[in-house]
Amino acid sequence: MSSILAIARKDLRLLFRDRAGFFWVLGWPFLMALFFGSIIGGSDETSPMKVALVDEDRTDYSRAFGAELRKSSALEILEAPRDSATTLVRRGRLTGYIALRPGMGASLGFGGDSATIELGLDPSRRAEAGYLEGLVTQALVQSMQGSFGPDGTGRASLRERMAAVQTDTTITVERRDDLTSFYTNLDRFLGSLDTVTTSGTGSATGSDATRALGPNLEITAVTGQGDGPRSAFEVTFPSAMMWALIGVCMSFAISIVQERLTGTYLRLRLAPISKAQILAGKGLAAFLAALGATVLLLAFGSLVLGVRIASVPKLAAAVLACAFCFVGLMMLISTLGRTHQAVAGAGWALLLVQSMTGGGMIPLIAMPPWMQAVSHFSLVKWGVLSVEGAIWRGFSWNEMLIPVSILLAVGGIAFLIGARALHRSDT
């Protein structure tokens, strides 16, 4: 029994002496408890959906409709022109946009069958799309009820149309009588709705009637190809590629530690080759492994699961940038400790946080606002965005430039820092 206690006491002392290992045993779980507690605490109130309002009508009615939208606590409204709104939705910064087309205020439902309210939606956010359509319909009903109230612009427009029919000499007497009768009966019907709504009964009928009079809704998928992802696999495979890169990164980072502990790296340093050649060889091996893993995933997704590739050159640029970035992270992570436990703990902690904050584990839409802002610092987010841009978002080369440049810059800086730290550890 004493020997067992002695061995246990020895192992505990070794754990306490290894500061890095002890941190991952106690310190890291404590930080994770605070991290997830912040997420759960921040999710008590649902984050409002960010949408753009494109008012191309510029009438009293369109402004009243916009005011109704702003009353909803579920929406965060940003006014923007159509091209800017489309770009923000395509890049994933907005859930969608609401465009009020010209003639919306003048027609008030009498201007034909053409849609006057356009909803531009990110097709990868199908759950929010239905919710947004419901919020727009609700605001439409309320603005229509206000417009066709006793003092609303809709009733005034209706009476103007009645007067215009009486003086219109281009229509027949029979047609004039029919229109006059229709507008007169409609005005009386709307007046009766005012009385019913005021008395607190028949609200559903009033809502249905005013909704029928109002502008139509047209749903538009905001992607370069115009039809969005055809399946969930086109949304999930970019995240799967990031997990493959994370696995490659950690495998090669631990292999560097293994070579340093077993003396293989020292023997390479004593060989007639330069240090730059050693680092370049290790980086090349990790780069080729990363490319192989991502290409195999893409081939499987394309051939078996029907994942489309909208632009092969842009996808190649995205994959090369992602692989280069994670090779740089591999070199940096390999210097974060002197033991397998320290490097594995530090590396997985860093990369798991990158994945969680970048949408690899928790959807960005489910995160509190402060965490969505933190996601800009996640390389996983930029990797997913670059691959999605080439697969189904239809990014232009200018739109691809931002995520690709960030990945290349961070990968290069991380590789240089890791190489310098590895050199210092040998001296």
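A residue is called buried when its relative accessible area is under 20%, exposed when that area is over 50%, and partly exposed in between. By that cut-off Glu118 is buried, because its relative accessibility is 6%. The structure described here is a predicted model.

Glu118 forms a salt bridge with Arg101, and the closest N and O atoms of the two side chains are 3.2 Å apart. This pair joins distant parts of the chain: Glu118 belongs to strand β4 (residues 117-121), while Arg101 sits in the loop between β3 (96-100) and α5 (104-107), and the two are 17 residues apart. Through shared partners, salt bridges join Glu56, Arg82, Arg101 and Glu118 into one network.

## Other salt bridges

The count of salt bridges in the model comes to six. One of them links Glu68 to Lys71, with the closest N and O atoms 3.3 Å apart. Here Glu68 counts as buried because its relative accessible area is 17%, and Lys71 counts as exposed because its value is 62%.

Another salt bridge is formed by Glu79 with Arg70, where the closest N and O atoms are 2.4 Å apart. Arg70 is partly exposed, at 41% relative accessibility.

Strand β1 (residues 49-55) pairs with strand β2 (residues 75-79) in the parallel sense, over five bridges. Within this pairing, Val51 stands opposite Ile77 of β2. Between the two strands the chain passes through helix α3 (residues 60-70), and this β-α-β crossover is right-handed.

In a regular strand, side chains alternate between the two faces of the sheet.

Arg58 is located in the loop between β1 and α3. Although Arg58 is not a glycine, its phi is positive, at about 55 degrees. Most residues other than glycine have a negative phi. Arg58 is exposed, since its relative accessible area is 55%.

Ser62, in helix α3, is buried, with a relative accessible area of 1%. The side chain of Ser62 makes a polar contact of 3.1 Å with the side chain of Asp55. With neighbours within four places in sequence left aside, the residues in contact with Ser62 are Asp55, Asp57 and Leu100.

Which residues of helix α4 (residues 82-90) are buried? They are Ala85, Thr86, Leu88, Val89 and Arg90.

Just after α4 comes Gly92, with a positive phi of about 85 degrees. Gly92 lies in the loop between α4 and β3 and counts as partly exposed, because its relative accessibility is 22%. Gly92 and Arg393 are 301 residues apart along the chain, yet their C-alpha atoms are separated by 9.3 Å.

Lys314 is part of helix α13 (residues 312-333). Lys314 is buried yet lacks a salt bridge: the nearest side chain of opposite charge belongs to Glu399, 7.0 Å away. A salt bridge requires a side-chain nitrogen of Lys or Arg within 4 Å of a carboxyl oxygen of Asp or Glu. Which residues beyond four places in sequence are in contact with Lys314? They are Ala390, Phe395, Ser396, Trp397 and Met400.

Arg420 is found in helix α17 (residues 397-426). Arg420 counts as exposed because its relative accessibility is 54%.

How values were computed: Residues are numbered from 1 along each chain as its sequence is written. This is a predicted model: local features need pLDDT of at least 70, side-chain atom pairs count only at pLDDT 80 or more; totals for chains, interfaces and linings use all residues. Side-chain values use heavy atoms; hydrogens and water are left out. Two strands pair if DSSP finds at least two bridges between them. Helices (H or I, at least four residues) and strands (E, at least two) are DSSP runs, numbered from the N terminus. A crossover is right-handed if, with the strands pointing away from the viewer, the path from the first strand over the helix to the second runs clockwise. Buried means under 20% relative accessible area, exposed over 50%, partly exposed in between (1.4 Å probe, protein chains only). A polar contact is a pair of N or O atoms within 3.5 Å; within protein, one must be able to donate a hydrogen and the other to accept it, and residues adjacent in sequence count only if both atoms are side-chain atoms. Contact means heavy atoms within 4.5 Å. Lys and Arg count as positive and Asp and Glu as negative; His and the chain ends are not counted.
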